[in-house]
Amino acid sequence: MAKVLHCRDVGFDCEGVISGDTEDDVMTQAAEHARTAHDMDDITPETAEQIRSKIRDE
Ligand SMILES: [Zn+2]
């Protein structure tokens with residue numbers, strides 16, 4: 001089972017899907033995706049928590 005984050009669920013109009021073996025793996029990739037695709041240089045702890053809450057098992 002993989003951890004999957006749909007970028008749309010976080011509130012972006014984006015078809016991006018990020019998957020990884022662990023939540024931390026997904027969070028690392030999500031931070032990179034947010035920075036490169038959405039110009040989010042700073043991810044606050046609050047935003048990180050919001051993102052983490054949207055990670056699902058798939
Ligand atoms: Zn995205």
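Three strands form an open sheet in the order 2-1-3, with antiparallel pairing (strands are DSSP runs of E of at least two residues, helices are runs of H or I of at least four, and both are numbered from the N terminus; two strands pair if DSSP finds at least two bridges between them). Strand 2 (17-20) and strand 3 (56-57) are the edge strands, each with a single partner, so one side of each has no neighbour in the sheet. The model is a predicted one, in which local features need pLDDT of at least 70 and side-chain atom pairs count only at pLDDT 80 or more, while totals for chains, interfaces and linings use all residues. Residues are numbered from 1 along each chain as its sequence is written.

**Strand pairing**
- Strand 1 (residues 3-6) runs antiparallel to strand 2, and four bridges join them.
- Within this pair, valine 4 stands opposite serine 19, and lysine 3 has glycine 20 as its bridge partner.
- Two bridges link strand 1 to strand 3, again in the antiparallel sense; here lysine 3 stands opposite aspartate 57.

**Overall fold**
- The protein chain has three helices and three strands, which follow the order β-α-β-α-α-β from the N terminus on.
- Its radius of gyration is 10 Å, close to the 10 Å that the globule rule gives for 58 residues, so the chain is as compact as a globular protein of that length (the radius is taken over C-alpha atoms, and the rule is 2.2 Å times the number of residues to the power 0.38).
- Along the principal axes, the C-alpha atoms fill a box of roughly 30 × 25 × 15 Å.
- Of the 58 residues, 14% count as buried (buried means 20 or more other C-beta atoms within 10 Å of the residue's own, exposed means 12 or fewer, and partly exposed lies in between, with C-beta atoms placed from the backbone).

**Nonpolar core**
- The largest nonpolar core consists of eight residues: Leu5, Cys7, Ile18, Val26, Ala30, Ala34, Ile51 and Ile55 (such a core is a set of buried Ala, Val, Leu, Ile, Met, Phe, Trp, Tyr and Cys residues joined through C-beta atoms within 7 Å).
- Helix 2 (residues 23-38) supplies the largest share of this core, with three residues.
- Isoleucine 51 touches Leu5, Val10, Met27 and Ala30, with residues up to four places away in sequence not counted (contact means C-beta atoms, placed from the backbone, within 7 Å).

**Helix 2**
- Val26, Ala30 and Ala34 are the buried residues of helix 2.
- Seen down the helix axis, these residues fall within an arc of 75°, so they line one face of the helix (the arc is that of the directions from the helix axis to the C-beta atoms).
- The buried residues of helix 2 pack against strand 1, strand 2 and helix 3.
- On the face turned away from the buried side, helix 2 carries the exposed residues Asp24, Glu32 and Thr36.
- Just after helix 2, aspartate 39 takes a positive phi of about 55°.

**Lysine 54**
- Lysine 54 is found in the loop between helix 3 (45-53) and strand 3.
- With 16 other C-beta atoms within 10 Å, lysine 54 is partly exposed.
- Apart from neighbours within four places in sequence, lysine 54 is in contact with Leu5, Asp9 and Val10.
- Lysine 54 and cysteine 7 lie 47 residues apart in sequence and 8.9 Å apart in space, C-alpha to C-alpha.

Technical notes. Two residues are in contact if their C-beta atoms, placed from the backbone, lie within 7 Å.
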